[in-house]
Amino acid sequence: MKRAESREDLQSRTWKTVPRWTIVVFLLAAFFIFASFGFVFDGMDMGREPALCLTFSVVIIALFATFYTVAGITLRQRFWIASVPLFILENISLVVLHNWLPDAPPLAHLDSDQLSRFHNRLIFDGVALVISVVLGYSSFVVVAIFEARRRIRIELDKAALETELAAAREIQRLMVPEELPPTPGYAIESIYRPAAQVGGDFFQVIPLGGGQTLVVVGDVSGKGLSAAMIVSMLIGMLHTISRISQDPAQILAELNSRLFERKHGGFITCLAVRLDPSGRVVLANAGHLPPWLNGAEVAFAGSLPLSIAASAAPEQATLEMRPGDRLTLITDGVVEARDRQGALFGFDRMQTLMRQETSPLALAEAAIQYGQDDDLTVISILRTA
């Protein structure tokens, strides 16, 4: 059942993408092809139909054939719902027409004048038949050629897009670490799930020396290749700046300054956390969701996202983590997951799971099953010693 529905949806989307003029030409092709039937029937009837009756017969047959075509396009597998009434109405129309304009009586003998008129009528029917078939066939050929060219362009564009997405996925694979470096005194777990093939979330775990570790998580506005390219640029800047400064607030301020100079048109939320082996944790926030410590939100002043204002200066906060404490960093894709009714996953549901010491993978899976609407990232930092 699901497969049939998918095929029907695909056919519906296909017709919606076809240009209107192509559909018009296609319907005209059906009109002309079936108009030829009227001339064939007239020839079979020895041309006894009055000229007005022949005209109306041709138009009725061609119009109803066009209606059948429209029913097939719009109703697809349920075309019979319209076709049966149309068939009945067509036959009623033809019966009424022939009762109004009856055929001439059959001719037992043909004199020279009648034979000449019959000959002329057959010539007219033959020429009209050829013209109708040529117009109909030509219209079908025009539609076929145009659609073939359009399909080729679509496939070429699709191939180019797939190439770009493959490049973006490779960039993103490099930007989202698969294996995290060892962090003295801490155990770090992470889970990343993009909503599309390429997402805008990112995170990095960077050893700073002296046992310190920098953890950065963020979200770039937008998706796709442009977001992936911004992430790659941002990660390169982050690694360069972290060699100069180990202060999270200064790192974010320098990132903001460099990004603002480039004016890429979007913004980036970012949370930077420095882990000291002693258990001291220094945090700075640029418009990102606050971290959570043992299931409770860490309240401290943040600042504007990066790349919005040149003078933005994230405030810094410090906390102490004892053995067994867990610090959780998330992106908004977790709390903004939506079910079919549009209800948010929300902070309360997330807090309940955190207090149950849910793993990052379980928390992410809960949001995905609820109804993932955006990229989501969860990073868990457990103080081990």
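## Sheet, salt bridges and a nonpolar surface patch

Ile92 is a residue of helix 4, which covers residues 80-100, and the structure described here is a predicted model. With a relative accessibility of 46%, Ile92 counts as partly exposed, because that value falls between the 20% limit for buried and the 50% limit for exposed. Ile92 also belongs to a nonpolar surface patch of about 800 Å², to which Phe79, Trp80, Ile81, Val84, Phe87, Ile88 and Val96 contribute as well.

Five strands form an open sheet in the order 1-10-9-6-7, and their pairing is antiparallel. Strand 1 (186-193) and strand 7 (296-297) are the edge strands, each of them pairing on one side only. Strands of a sheet pair through backbone hydrogen bonds, in either a parallel or an antiparallel manner. Strand 6 (residues 292-293) is joined to strand 9 (residues 326-330) by two bridges, and these two strands run antiparallel; within this pairing, Trp292 stands opposite Thr328 of strand 9.

Strand 10, made of residues 376-383, contains Ile379. Is Ile379 buried or exposed? At 0% relative accessibility Ile379 counts as buried, since the term applies to anything under 20%. Apart from neighbours within four places in sequence, Ile379 is in contact with Ile188, Glu189, Ser190, Phe203, Val215, Val217, Leu327, Thr328 and Leu329. Thr328, listed among these contacts of Ile379, is the residue that Trp292 stands opposite. Ile308, by comparison, is 71 residues from Ile379 in sequence and 26 Å from it in space, taken from C-alpha to C-alpha.

Side chains of opposite charge can pair when their charged atoms come close. The structure holds nine salt bridges, and the table gives some of them.

| Salt bridge | N to O distance |
|---|---|
| Glu365 and Arg193 | 3.9 Å |
| Arg280 and Asp276 | 3.6 Å |
| Asp325 and Arg322 | 3.9 Å |

The salt bridge between Glu365 and Arg193 links distant parts of the chain, with Glu365 in helix 10 (residues 360-371) and Arg193 in strand 1, 172 residues apart. Glu365 is partly exposed, its relative accessible area being 28%, and Arg193 is likewise counted as partly exposed at 29% relative accessibility.

In the salt bridge of Arg280 with Asp276, Arg280 is partly exposed, with a relative accessible area of 32%, whereas Asp276 counts as buried at 6% relative accessibility. For the salt bridge of Asp325 with Arg322, the computed values place Asp325 among the buried residues at 8% relative accessibility, while Arg322 is exposed, with a relative accessible area of 60%. Elsewhere, salt bridges with shared partners join Arg274, Asp276 and Arg280 into one network.

Met46 lies in the loop between helix 2 (20-44) and helix 3 (51-75), and its phi is near 65°, a positive value in a residue other than glycine. Met46 is partly exposed, with a relative accessible area of 47%. Asn294, in the loop between strand 6 and strand 7, has a phi near 55°, again a positive value in a residue other than glycine. The relative accessible area of Asn294 is 39%, and Asn294 is therefore partly exposed.

Notes. Residues are numbered from 1 along each chain as its sequence is written. This is a predicted model: local features need pLDDT of at least 70, side-chain atom pairs count only at pLDDT 80 or more; totals for chains, interfaces and linings use all residues. Side-chain values use heavy atoms; hydrogens and water are left out. Patches are made of residues with over 30% relative accessible area and no salt bridge: like charges are joined within 9 Å, nonpolar side chains (Val, Leu, Ile, Met, Phe, Trp, Tyr) within 5 Å. Accessible areas come from the Shrake-Rupley method with a 1.4 Å probe; for residues, only the protein chains shown count as cover. A salt bridge is a side-chain nitrogen of Lys or Arg within 4 Å of a carboxyl oxygen of Asp or Glu. Helices (H or I, at least four residues) and strands (E, at least two) are DSSP runs, numbered from the N terminus. Buried means under 20% relative accessible area, exposed over 50%, partly exposed in between (1.4 Å probe, protein chains only). Two strands pair if DSSP finds at least two bridges between them. Contact means heavy atoms within 4.5 Å.
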